[in-house]
Amino acid sequence: MKVLVPVKRVIDYNVKVRVKADGSGVDLANVKMSMNPFDEIAVEEAIRLKEAGKVEEIVLVSIGVKQAQETIRTGLAMGADRGILVVAAEDVQQDIEPLAVAKILAKVVEEEQPGLVIMGKQAIDNDMNATGQMLAALMGWAQATFASKLDVDGDSATVTREVDGGLQTIRVNLPAVVTADLRLNEPRYASLPNIMKAKKKPIDEKTPADYGVDVSPRLEVVKTTEPPVRKAGEIVGSVDELVTKLKDAGVI
Amino acid sequence: MTTPPLNPADDAFAARLRAAGLPEDAFRPVEPRYLEERRGLLQGRAGLVVAPRVTEEVATVIRAANTARVGVVPYGGGTGLVGGQVCADGPAPLVLSLERMGAIRGVWPEENVLVAEAGAVLAEVQAAAEAVDRLFPLSLASEGTARIGGTLATNAGGVNVLRYGNARELCLGIEAVLPDGSVMHGLKRLRKDNTGYDLRGLLVGAEGTLGVITAAALRLFPRPAREGTALMVVASPRAALELLALAGARVGPGLNAFELISGQGMGFLAETGCTARVPFTDLPDWAVLIDLGLGPGDDPEAALADLFEAGAAAGLVSDGVIAHSEAQRAGLWAMREQIPEANKRVGAIGSHDISLPLSAIPDFLVVAGEAVARLGPYRVNAFGHLGDGNLHYNVFPPEGRTKSDFPGAREIVARTVHDIVAGFDGSFSAEHGVGRFKVDDLARYGDPARLAVMRAIKAALDPQGIMNPGAVLG
């Protein structure tokens with residue numbers, strides 16, 4: 001079976017995000033970019049399936065600026081086999097919306113015919129949590145979102161989903177779209193010998209036009225603001241002082 | 001020294017401090033935290049704990065202590081590793097905690113200078129620098145607790161010495177209270193100031209024996225725009241040194257850190273249930289953690305991959321991993337930084353903070369390894385700042401046994417290791433200081449003329465011997 005794993009290049013999770021002065025978005029110039037952490041988990045899961053002998057080939061696809069090639073190389077160094085880079089933007093500030101991404105992915109799926117698509121449940125930059133569901137709908141496939149456990153068995157997959165209040169286990173027929181949640185696995189580091197080998201792994205470069213998809217934005221960002229700054233706390237000297245202050249504040 | 005014995009910091013002395021104008025809120029309860037040595041090697045004593053709020057109050061305390069001949073133990077974060085902050089013998093001293101003097105007095109980003117009071121926690125100083133997009137590069141495992149005054153008094157090192165130097169190199173000027181209670185105003189924000197003896201350099205590293213540092217002007221640096229970290233498996237310590245030379249030639253000053261990690265250390269992480277993940281299924285004998293900080297147009301991950309490729313071609317490296325995100329960088333560093341915690345959980349018979357000429361390190365490891373093996377069935381975890389020639393050479397009991405099964409071994413092991421270090425023209429204390437634990441080592445290995453000068457300085461500045469009695473010179 002072939003597995004397709006879409007990977008997105010996003011602002012690094014640990015970078016302090018700064019909103020641009022004009023409020024049009026966040027500043028991405030000279031900022032550390034990394035693979036979306038949920039996509040990293042998806043890549044890891046695909047590699048584990050391959051190591052378990054259930055998958056023959058792992059194909060990565062990234063849609064965005066040309067630099068997203070680095071993100072694909074990262075996944076190849078982790079153990080994926082080849083990549084498809086869809087150059088859909090020139091400006092790092094431009095985000096390709098979930099519907100356009102899902103439409104491109106649907107075309108890639110038609111070409112590649114994977115038995116399974118594993119992808120992050122959401123990208124940490126726009127937090128949309130939509131692309132996987134949209135792709136499943138466009139393909140008419142089963143979807144298993146927020147996966148914390150995945151077992152592939154023949155032509156079906158058993159997926160444990162993290163839902164409100166607990167875990168839900170479902171079985172889906174393949175082909176299917178599985179979106180990875182945080183606890184699915186802990187991704188490995190890319191090994192340096194594999195990075196050397198990954199340089200030889202092929203990456204096909206495409207454009208949205210190759211797939212007949214229009215990536216023009218349908219959404220308009222009205223405003224981006226930083227969260228309100230938390231007010232500083234106050235250290236009290238004694239329990240009595242605490243109680244007095246709470247009473248003064250009218251909360252007890 | 002033939003000074004008369006000191007007096008205890010008793011109630012009468014507390015009354016003198018009050019009379020001298022020390023406010024009531026400066027008096028603290030004598031809590032156990034002021035008296036503990038982290039590994040339980042010493043139990044401290046104190047008649048009184050005071051925590052002044054301003055430099056003038058520190059001066060008041062020291063002046064009174066000098067008059068009354070009461071010993072003073074300056075106290076920062078309590079993270080020192082050589083007992084410099086814990087006084088176990090003699091009349092109960094006064095513990096002078098700088099915990100309430102934690103202000104950042106000023107930041108001059110355009111000058112790359114920050115002035116902090118001695119009680120500022122190292123991590124707070126780092127954060128204050130980051131807030132103006134600058135780097136204060138002093139970084140060590142205890143940075144969340146250690147205070148800047150203590151790191152200066154001990155001339156602390158840490159993981160960034162290779163690129164930025166020790167605490168002394170990061171300090172432009174200090175304000176200090178001298179043993180007679182006078183205040184030395186030396187918070188110059190100058191890079192160049194050739195006006196006589198280097199008293200900043202003298203008090204930094206004096207471990208509180210010549211006065212109390214109350215504030216310091218610290219050097220800041222531009223933050224490297226692009227950072228990257230890799231862990232590479234090396235064939236041997238000698239291969240690690242050759243890789244270091246290769247890294248120096250390829251990335252030059254961009255090398256932030258070059259840390260040696262032993263297979264034994266990685267094994268301890270798993271053995272003691274530390275959370276850090278070791279990214280190898282089969283533990284290698286030796287690995288190096290390499291951290292780069294480069295300019296905005298550079299790609300540290302590519303530079304590390306190139307270094308690996310060159311190292312592999314030269315037969316120096318066989319395997320390794322690279323961090324592709326800040327989370328993974330933190331993960332690799334967590335592995336390095338949890339090794340001291342793992343060591344603590346295993347319980348070392350002896351830990352030795354040694355410094356060696358770089359090229360002597362491979363031979364030292366062989367000679368010392370054989371000598372320690374002759375003493376007993378011990379395990380050795382040698383790790384640390386290879387780029388600085390600084391190793392932490394720690395000796396442990398065999399698996400399933402504890403250090404208490406080997407009474408008396410600590411001294412024999414230390415003597416053996418330190419004698420070999422001296423034979424290679426190294427140092428028995430690279431970055432931890434002398435404190436109280438290494439007073440005998442200083443007397444044994446120190447150059448006689450140098451020791452005589454140190455004693456003369458001590459006698460001139462602190463004739464009554466009140467400052468951190470028993471530390472450094474004994």
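I start with one residue: A:N129 is partly exposed, with a relative accessible area of 25%. Partly exposed here means between the two cut-offs, buried being under 20% relative accessible area and exposed over 50%, with a 1.4 Å probe and protein chains only.

Before going on, the ground rules. This is a predicted model, in which local features need pLDDT of at least 70 and side-chain atom pairs count only at pLDDT 80 or more, while totals for chains, interfaces and linings use all residues. Residues are numbered from 1 along each chain as its sequence is written, chains are lettered from A and ligands numbered from 1 in the order in which they are written, and side-chain values use heavy atoms, with hydrogens and water left out.

Back to A:N129. The residue is in the loop between β6 and α4 of chain A; helices (H or I, at least four residues) and strands (E, at least two) are DSSP runs, numbered from the N terminus. Its phi is positive, about 55°, although A:N129 is not a glycine. A:D127 lies in the loop between β6 (116-120) and α4 (131-139) of chain A. Phi of A:D127 is also positive, near 55°, and A:D127 counts as partly exposed at 46% relative accessibility.

Then there is a peptide bond to look at. From A:L174 to A:P175 it is cis, with omega near 0°. A:P175 sits in the loop between β9 (166-173) and β10 (176-180) of chain A. Why point these out? Most residues other than glycine have a negative phi, and most peptide bonds are trans.

Now chain B. How many helices and strands does chain B have? There are 14 helices and 18 strands. The radius of gyration of chain B is 23 Å, close to the 23 Å that the globule rule gives for 474 residues, so chain B is as compact as a globular protein of that length. That radius is taken over C-alpha atoms, and the rule is 2.2 Å times the number of residues to the power 0.38. The C-alpha trace of chain B spans about 70 × 55 × 40 Å along its principal axes. Of the 474 residues, 57% count as buried.

Last, contacts, meaning heavy atoms within 4.5 Å. Among those in chain B between residues at least 6 apart in sequence, 75% join residues at least 24 apart.
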